[in-house]
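Here is a friendly briefing to read alongside your model. Please keep the viewer open as you go through the points.

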Amino acid sequence: MSADPVGGLTDYLTGALGGPVTITDFQFLSAGARRRNIAFTATATATATATATVARTPRRLVATIVPPAVELMPVDGEAGVRELARAHGVPVPAVVAVCSDTRYVGEPFVVSEHIDGETVPRRVLRTLAVSGNAARTARQWGAAMARLHGIDPAAAPDSVPAAGADPAAEHLAEVEAAVRVLLADRPVFSLALRWLEKRLPGPPPAPALVHTDMRNGNLIVDADGLCAVLDWEGTQRFGDPMRDVAWPALRMWRFREDAREFGGFADRETFVGAYEEAGGTFDLDRFRWWKVMGTLYWGVGLAQQAAAHLDGTVRDIVMAASGRRVSEIEWDLLMQIRPRVKA
């Protein structure tokens, strides 16, 4: 990112919003592990007479800066799929402008409407505990996911990556290769791989447009419920909808509220009930498979972070702790694959 993002955003939005723009209240946000999010107020002016100007209503906006090293799809593709989802009733911040030209801030970016609410998971849980609207939020969340899965995946921009003919088999092959390199000495991971291989579900009956990361932490929530779904850069066309349903049910997204399977505030019955009422089709066996797959995948990610720290590629205290958390994943895997247990 450039040393003067305010100047770059001002120059770009002057053209995009149809007149000179003033940016105030510039603030770097804590949200976003890989991409930089910047909140600001933009006020455009338009010439009223030869000697006077009139200011338009200030707009609170957010710029998401996408470094090439973490770009999963072009910013125009991400903006396109977000607007497609929004048009089908999924709560998503409206896209205001998209810029692929790196001259302005050094990297591509998307500018969106700012949505008030909480995104930090523990704050989300506190907000819902105080308001008493956890069940309502869970129903809104399940319905939003079903609406996304009801969109024809062929309608998404071509730049949105497409899953293979058998997304489960494809994902398993990728994770298995990583386990062989990083976790070959951990028997629980080998056991989980065998469990997954034996129960490989095959291609999904109805491939869908999937978000892949619609979990607590990528939601904006206030006291009234779900305000918006964030972070669409991992979206896939023709994916397995049960991958989306299973991912937010993993234990690491409950933030110590383990009794509530979905995000630490929702039970399965409430979430899945809303998902089905909004048109989604829930498959328990496929859901369970993807839940084990997601847990294994997360364990591989932790091992990769620890390896990057140990070999000096990245020096980071969080990554240094990741290796110790692999044992937590082993416990989760054993609890999920043991016989006669509710997934």
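Arg-180 is partly exposed at 46% relative accessibility, where partly exposed lies between buried (under 20% relative accessible area) and exposed (over 50%), using a 1.4 Å probe and protein chains only. Its side chain meets that of Glu-176 in a salt bridge (2.9 Å, N to O); a salt bridge here is a side-chain nitrogen of Lys or Arg within 4 Å of a carboxyl oxygen of Asp or Glu. This is a predicted model, in which local features need pLDDT of at least 70 and side-chain atom pairs count only at pLDDT 80 or more, while totals for chains, interfaces and linings use all residues. Residues are numbered from 1 along each chain as its sequence is written, and side-chain values use heavy atoms, with hydrogens and water left out.

**Helix 5**

- Arg-180 and Glu-176 are four residues apart in helix 5, so about one helical turn separates them.
- Glu-176 is partly exposed too, at 21% relative accessibility.
- Helix 5 covers residues 167-182, and its 16 residues should span 22 Å at 1.5 Å a residue, which agrees with the 23 Å between its end C-alpha atoms; the expected span is 1.5 Å times one less than the number of residues.
- The buried residues of helix 5 are Pro-167, Ala-168, His-171, Leu-172, Val-175, Ala-178 and Val-179.
- Seen down the axis, these buried residues fall within an arc of 130°, so they line one face of helix 5; the arc is taken from the directions from the helix axis to the C-beta atoms.
- Glu-174 and Val-181 are exposed on the other side of helix 5.

**Other salt bridges**

- Glu-330 pairs with Arg-186 in a salt bridge, with the closest N and O atoms 3.0 Å apart.
- Because Glu-330 lies in helix 10 (residues 317-337) and Arg-186 in the loop between helix 5 and helix 6 (187-198), the pair ties together parts that are 144 residues apart in sequence.
- Glu-330 counts as buried at 12% relative accessibility, whereas Arg-186 is partly exposed at 23%.
- Glu-261 and Arg-268 join their side chains in a salt bridge (2.9 Å, N to O).
- Glu-261 is buried, with a relative accessible area of 10%, and Arg-268 is buried at 12%.
- Arg-35, Glu-78 and Glu-233 are linked in a network of salt bridges.
- The whole structure holds 15 salt bridges.

**Arg-82**

- Arg-82 sits in helix 2 (residues 75-87).
- Although buried, Arg-82 has no salt bridge, and the nearest side chain of opposite charge, Glu-78, is 4.4 Å away; Lys and Arg count as positive and Asp and Glu as negative, with His and the chain ends not counted.
- Beyond residues up to four places away in sequence, Arg-82 touches Val-92, Pro-93, Ala-94, Val-95, Val-110, Ser-112 and Trp-232, a contact being heavy atoms within 4.5 Å.

**Backbone angles**

- Asp-231 has a positive phi, near 55°, and lies in the loop between strand 9 (225-229) and strand 10 (236-239).
- Phe-238, in strand 10, has a positive phi near 60°.
- Most residues other than glycine have a negative phi.

**The chain overall**

- The chain has ten helices and ten strands; these are DSSP runs numbered from the N terminus, with helices (H or I) of at least four residues and strands (E) of at least two.
- Buried residues make up 49% of the 343 residues in the chain.
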